Amino acid sequence: GTGKSKVIQTITEYFAYKRMKYMLLKVAYTGVAASLIDGKTTHTITMISQNDSVKPISDEARARLQRF
């Protein structure tokens, strides 16, 4: 619709051009959206399971998020 994937693709190409693609983290809310941008879901990145009850974020997940 609005060109969001094209913007993400352009940003990805820029990071690749600058040889910094390893610094780019592409995240989407759904698996379909993540696959369209060659990214990960927010649940995967934060290591949250849909089956978990509400719990505080793990130290590992917190550390991963703070790196960004």
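Gln9 sits in helix 1; helices here are DSSP runs of H or I, at least four residues, strands are runs of E, at least two, and both are numbered from the N terminus. Gln9 counts as partly exposed because its relative accessibility is 38%. The cut-offs: buried is under 20% relative accessible area, exposed is over 50%, partly exposed is in between, with a 1.4 Å probe and protein chains only. Gln9 and Asp38 are 29 residues apart along the chain, and their C-alpha atoms are separated by 9.4 Å.

A word on the source. This is a predicted model, where local features need pLDDT of at least 70 and side-chain atom pairs count only at pLDDT 80 or more, while totals for chains, interfaces and linings use all residues. Residues are numbered from 1 along each chain as its sequence is written, and side-chain values use heavy atoms, with hydrogens and water left out.

Confidence next. pLDDT is the predictor's confidence in each residue, from 0 to 100. The protein chain averages 84, and 87% of the residues score at least 70.

Buried or exposed? At 11% relative accessibility, Thr12 is buried. Beyond its neighbours within four places in sequence, Thr12 is in contact (heavy atoms within 4.5 Å) with Lys21, Leu24 and Lys26.

Last, Tyr22. Tyr22 lies in the loop between helix 1 (4-17) and strand 1 (27-28). Tyr22 counts as exposed, because its relative accessibility is 68%.
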